[in-house]
Amino acid sequence: MDLTSHLLDDQALREFIAKGYLLIQSDQSADFHQQVCTQLDQVIEREGNPGNNILPRVPQIGQVFECAPVRGALTSLLGADYSMHPHRYCHVNRPGGQGQHWHKDDYIFDQNVRHHRFRWVMAFYYPQAVREDMGPTGVMPGRQYYNGISDSDPHQSTESELKLCGPAGTVALVNFDVWHRATANTSAYTRRMLKFQFVRMREPVGPSWNNEAADWQPVEGDAHPGLSSDVWQWLRGVTPSSQSDAPASDDALSALDEADERQRLDAIYKVGRSGSVVVPELLAALRRQARGLSETRLPSTPADPQGGNPAELSAAHALAALGACAVEALVEALRDPDWRVRSAAADALGNMGYAAAAATPHLSRCLQDGQMWVRRNAAEALGTLAPSDEDTVAHLAEALTDEDERVRRNAALALAKIGPPASSAVAALTPLLHDENRYVRFNGFLALQRIGTDRALEALWADVHTARWCPITTQETPY
């Protein structure tokens with residue numbers, strides 16, 4: 001399928017970066033979407049909400065995400081070889097529904113740092129036309145980079161709300177970190193919304209959309225053009241220069257610790273453009289924040305329902321924005337006696353992307369760290385860097401037996417991102433098909449699929465023959 005004419009243009013990409021959402025229209029007929037509604041209603045009435053099994057229960061939903069307009073948009077945002085995540089859900093908002101409080105989705109119990117360089121996207125599919133009175137999904141445009149809002153109660157919050165509406169077949173693509181909620185349904189009609197998630201599998205090395213402009217251009221209402229510019233250049237595959245644009249001011253450095261999140265976000269990218277001259281001060285800030293602030297990220301909040309990652313620190317974001325000139329210092333921080341510093345350094349190196357390739361052997365050693373957060377963040381970082389050397393593959397294969405599922409999950413996803421060069425890990429990946437955690441199982445499956453050797457595919461087929469679920473088997477027709 002040639003997606004060229006369905007890739008996003010520069011303006012659509014800018015709007016997504018700055019505002020966090022984009023509306024796409026799938027190309028199926030109205031009858032198709034009506035059939036989806038009918039089958040969904042039948043499944044839910046007879047069996048309850050199918051949750052993650054929504055796709056095998058109503059397989060034609062998959063056609064929505066395979067059509068050219070949706071694939072073109074997802075390719076533009078996540079690169080050509082993105083993957084559909086196994087978590088999906090049918091949200092039904094019936095007449096009289098009062099809606100939800102504002103929240104962000106967690107990363108399916110994995111507690112990722114919410115990187116500004118987005119590597120996950122959510123898709124909200126409406127199989128029926130949705131008006132504002134039908135309880136559509138509401139979002140806060142431009143607030144996806146904030147971990148705090150005025151109030152999670154929509155009756156008390158002061159931020160602007162946009163209700164995502166459209167005809168049947170509308171697919172809203174949103175930044176995974178967008179603040180969202182179901183709004184009140186004051187109509188006489190049921191609103192159905194099917195949530196799917198997609199993951200970038202390879203760091204950008206060039207634009208994956210119809211890109212013409214090299215530099216970031218302003219978007220009306222963009223509160224953080226420095227942040228937006230960093231994301232834009234990352235998506236274009238541009239490596240940050242190690243040359244200083246201008247020395248970081250004392251005010252910018254001190255603003256990294258400001259309580260006001262708007263000031264912190266601006267300071268991150270002012271400091272992050274300052275080059276190698278600011279590295280020592282940023283490392284000092286990283287150590288200070290890791291020891292003083294990391295505990296505040298762990299409890300459950302509306303922004304992190306399952307709890308956050310202790311490495312989500314403004315200094316870590318700024319170091320990632322600096323690029324290669326900060327790698328050596330961050331590698332040194334991987335040996336810090338405080339696990340909180342090691343955890344933050346591992347995450348910053350991963351968020352940096354390919355510029356941190358030299359840190360690969362040091363991150364591999366972190367997979368044997370005594371603290372789970374260090375191991376988890378190192379495994380995720382190695383997946384982003386996706387090195388193909390045998391030593392890294394061997395360390396990741398060993399991490400597949402870690403006692404914590406978050407480490408196993410990220411190690412398996414890292415091997416999936418490495419792909420064929422990880423063929424020596426097939427024997428270690430195969431037992432994951434029976435892991436107690438469903439998402440570890442899927443990542444093991446995905447890794448074997450992407451490795452693609454005869455041995456890997458044999459393991460997959462053996463699992464499919466016993467685990468395959470028939471989409472037409474129900475209580476009424478059990479055989």
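**Figure 1. Helix 6 and its packing partners.** The buried residues of helix 6 pack against helix 1 (10-19), helix 5 (68-78), helix 8 (261-271) and helix 10 (314-322), as seen in this close-up of what is a predicted model. Helix 6 spans residues 225-235, and because eight of its eleven residues are buried, helix 6 is largely enclosed by the rest of the structure. The buried set is made up of Leu227, Ser228, Asp230, Val231, Trp232, Gln233, Trp234 and Leu235. Just after helix 6 comes Gly237, whose phi is positive at about 80°.

**Figure 2. The buried side of helix 15.** Within helix 15, which runs over residues 390-399, the buried residues are Thr392, Val393, Leu396, Ala397 and Ala399. The directions to these residues cover an arc of only 155° around the axis, and therefore they lie on the same side of helix 15. An α-helix has 3.6 residues a turn, so residues three or four places apart point the same way. The partners against which the buried residues of helix 15 pack are helix 13 (360-366), helix 14 (372-385), helix 16 (405-418) and helix 17 (426-429).

Figure 3. Ile108, although it is not a glycine, has a positive phi of about 55°, and its place is in the loop between strand 3 (89-93) and strand 4 (120-126). With a relative accessibility of 4%, Ile108 counts as buried. Ala386, likewise a residue other than glycine, has a positive phi near 45° and is found in the loop between helix 14 and helix 15. Ala386 counts as partly exposed, at 23% relative accessibility.

Figure 4. The salt bridge shown here joins Arg192 and Asp41, with the closest N and O atoms 2.9 Å apart. Arg192 belongs to strand 9 (residues 191-199) and Asp41 to helix 2 (residues 30-47), so the pair ties together parts of the chain that are 151 residues apart in sequence. Arg192 is buried, its relative accessible area being 12%, whereas Asp41 counts as partly exposed at 34% relative accessibility. Side chains of opposite charge can pair when their charged atoms come close. The count of salt bridges in the model comes to 32.

Figure 5. Since Asp105 lies in the loop between strand 3 and strand 4 while Lys195 lies in strand 9, the pair ties together parts that are 90 residues apart in sequence. Asp105 counts as buried at 10% relative accessibility, and Lys195 counts as buried at 8%. A further salt bridge brings together the side chains of Arg376 and Asp110, at 3.1 Å from N to O. This pair links distant parts of the chain, with Arg376 in helix 14 and Asp110 in the loop between strand 3 and strand 4, 266 residues apart. Arg376 is buried, with a relative accessible area of 0%, and Asp110 counts as buried at 3% relative accessibility.

**Figure 6. A network of salt bridges.** In this view, salt bridges link Arg287, Arg291, Glu295, Asp336, Asp338 and Arg340 into a network.

**Figure 7. The largest pocket and its lining.** The largest pocket has a volume of about 1100 Å³. Its lining is formed by 23 residues, of which Asn53, Pro86, Phe442, Phe445 and Ala467 are the closest to the centre of the pocket. The elements that give two or more residues to this lining are helix 3 (54-57), strand 2 (83-84), helix 18 (438-451) and helix 19 (454-467). Helix 18 provides the largest share of the lining, with seven residues. By residue class, the lining of the largest pocket divides into 13 nonpolar, five polar and five charged residues.

Terms used
Residues numbered from 1 in each chain as written. Predicted model: local features only at pLDDT ≥ 70, side-chain atom pairs only at ≥ 80, totals over all residues. Heavy atoms only, no water. Buried < 20%, exposed > 50% of the residue type's maximum accessible area, 1.4 Å probe, protein only. Helix = DSSP H or I, 4+ residues; strand = E, 2+ residues; numbered from the N terminus. Arc of directions from axis to C-beta. Contact = heavy atoms within 4.5 Å. Salt bridge = Lys/Arg side-chain N within 4 Å of Asp/Glu carboxyl O. 1 Å grid on protein atoms, 1.4 Å probe; cavity = no way out; pocket = protein on both sides within 12 Å on 5 of 7 lines; lining within 4 Å. Points joined across faces, edges and corners; volume = space filled by probe spheres on them. Nonpolar A, V, L, I, M, F, W, Y, C, P; charged D, E, K, R; others polar.
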